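Here is a friendly briefing to keep beside you while you look around the model. Have the sequence and the 3D view open together.

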Amino acid sequence: MDLDLPESTLAFRAEVRDWLAEHVVTLPSFDTAEGFALHREWEAELADARLSVVSWPEEFGGRDASLVDWLVFEEEYYAAGAPGRVNQNGLFMLAPTLFSHGTPEQQARILPKMARSEEVWAQAWSEPEAGSDIAALRSTATRTSDGWLLSGQKTWSSRAAFADKAFGLFRSDPAEVRHRGLTYFMIDLRADGVQVRPIAQLDGEPGFAELFFDEVFVPDEDVIGEPGAGWRVAMTTANNERGLSLRSPGRFLATAERLVRLWSETRDPALADRVADAWIGARAYQLYTFGTATRLVEGAALGPESSVNKLFWSQLDVSMHETALELLGPAAEVAGDWPDGWLFSLAGPIYGGTDQIQRNIVAERLLGLPRGDR
């Protein structure tokens, strides 16, 4: 692809950089009630500047910006140290799913509120016996008049402690097994029959929650795609979690730059190669993603190759943070963002499907190797 960005993109980069320099604030963790509320306000401020969802159509709060412009926005956002995106589950996972599979009515009803974080979304994927193997889920959806009754349990639901809505799969046809007979629902977490039980992390903050559903009514209008065809819809969500949307290169470029600055304070020769490798890896991921954006613009779709993407960035993130902690030595225990970033990086090889699952997908669906259980 042509890596010489057009003048319009360069002008957009300058606009974003200037706006962020004037408006970026430091906020408490969005895994606290206070921080969650303040992050909502930040998202509304982004939306007022039409910067919360730049690649979306204007009718939903975006700018109709190109994917390359969105990648540039992400680079500037992370470089500026701007607040984390409290509604990332909605913006980067559910929204692409709605664009691909949602009805015009669903898009018009849900996306504008999502763009302003008036409605913040949680994931309702994993279950106690179904983590990366989501097709083993046991939660059920039973047909009723004008909708469905959902029952069961979800766990490790990110942002669910304070979120308004959730999205996830439920088994709607008990006669089917595995990937068949699943339906994709959007659920009001304030509805009767929903119980939200926060899960405290090591720092005591409830970054996750368990969700319990006791015959929770969901209307037909909140089903995405056809009943029973939820697996196909869910693969759009999963591919965006593993691929282009959730972990853009800007995140890792910013971390790599911070790592280089940290190394320059000590110039430890024993770690120089690892620091250089980290910077090269972040840059390689940036170029690879520009290539993915070019293919999408030309009509391609995200597929199993997103598993390669996920394997790369999850390992890169761990490696960069481990290198930083080694540079810091004993001071790492009180070194601000680096220890927290390292702890979070350890989740990368797990969420979105474990690295082991991703390697299976690469082996079977990209390389054509036989399944291990055959």
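This is a predicted model: local features need pLDDT of at least 70, side-chain atom pairs count only at pLDDT 80 or more; totals for chains, interfaces and linings use all residues.

The chain holds 11 helices and eight strands. Its radius of gyration is 21 Å, in agreement with the value near 21 Å that a compact globule of 374 residues would have.

**Overall build**

- Along the principal axes, the C-alpha atoms of the chain fill a box of roughly 65 × 50 × 45 Å.
- Of the 374 residues in the chain, 51% are buried.

**Spans annotated in UniProt**

- An unreviewed UniProt entry gives residues 7-118 the annotation "domain: Acyl-CoA dehydrogenase/oxidase N-terminal".
- Residues 122-216 come out as 0% helix and 47% strand, with 16 Å between the end C-alpha atoms.

- Strand β2 (residues 140-144) pairs with strand β3 (residues 147-154) in the antiparallel sense, over five bridges.
- If you want a residue pair to find this pairing by, Thr-140 has Ser-151 in β3 as its bridge partner.
- The two strands β2 and β3 make a hairpin with two residues between them, and Asp-146 in that turn has a positive phi of about 65°.
- Strand β3 also pairs with strand β7 (residues 208-219), in the antiparallel sense and over seven bridges.

**Positive phi in loops**

- Most residues other than glycine have a negative phi.
- Asp-64 is not a glycine, yet its phi is positive, near 60°.
- You will find Asp-64 in the loop between α2 (33-48) and α3 (67-79).
- Arg-267 is not a glycine either, and has a positive phi of about 50°.
- Arg-267 sits in the loop between α7 and α8.
- With a relative accessible area of 53%, Arg-267 counts as exposed because it is over the 50% cut-off.

**Other loop residues around α8**

- Leu-271 lies in the loop between α7 (249-266) and α8 (272-297).
- Is Leu-271 buried or exposed? Leu-271 is buried, because its relative accessible area of 8% falls under the 20% cut-off.
- Leu-271 and Val-177 are 94 residues apart in sequence, and their C-alpha atoms are 50 Å apart in space.
- Ala-301 belongs to the loop between α8 and α9 (306-328).
- The relative accessible area of Ala-301 is 58%, so this residue is exposed.
- Between Ala-301 and Glu-326, which are 25 residues apart along the chain, the C-alpha separation is 40 Å.

**A nonpolar surface patch**

- Which residues form a nonpolar patch on the surface? The patch is made of Tyr-288, Val-308, Leu-366, Leu-367 and Leu-369, which together have about 430 Å² of accessible area.
- Leu-367, one of the residues in this patch, lies in the segment after α11 (355-366).
- Leu-367 has a relative accessible area of 60%, so it is exposed.

How values were computed
Residues are numbered from 1 along each chain as its sequence is written. Side-chain values use heavy atoms; hydrogens and water are left out. Patches are made of residues with over 30% relative accessible area and no salt bridge: like charges are joined within 9 Å, nonpolar side chains (Val, Leu, Ile, Met, Phe, Trp, Tyr) within 5 Å. Accessible areas come from the Shrake-Rupley method with a 1.4 Å probe; for residues, only the protein chains shown count as cover. A salt bridge is a side-chain nitrogen of Lys or Arg within 4 Å of a carboxyl oxygen of Asp or Glu. Helices (H or I, at least four residues) and strands (E, at least two) are DSSP runs, numbered from the N terminus. Buried means under 20% relative accessible area, exposed over 50%, partly exposed in between (1.4 Å probe, protein chains only). Two strands pair if DSSP finds at least two bridges between them. The radius of gyration is taken over C-alpha atoms; the globule rule is 2.2 Å times the number of residues to the power 0.38. UniProt positions are given in the numbering used here, feature names are shortened, and annotations may be inferred rather than shown by experiment.
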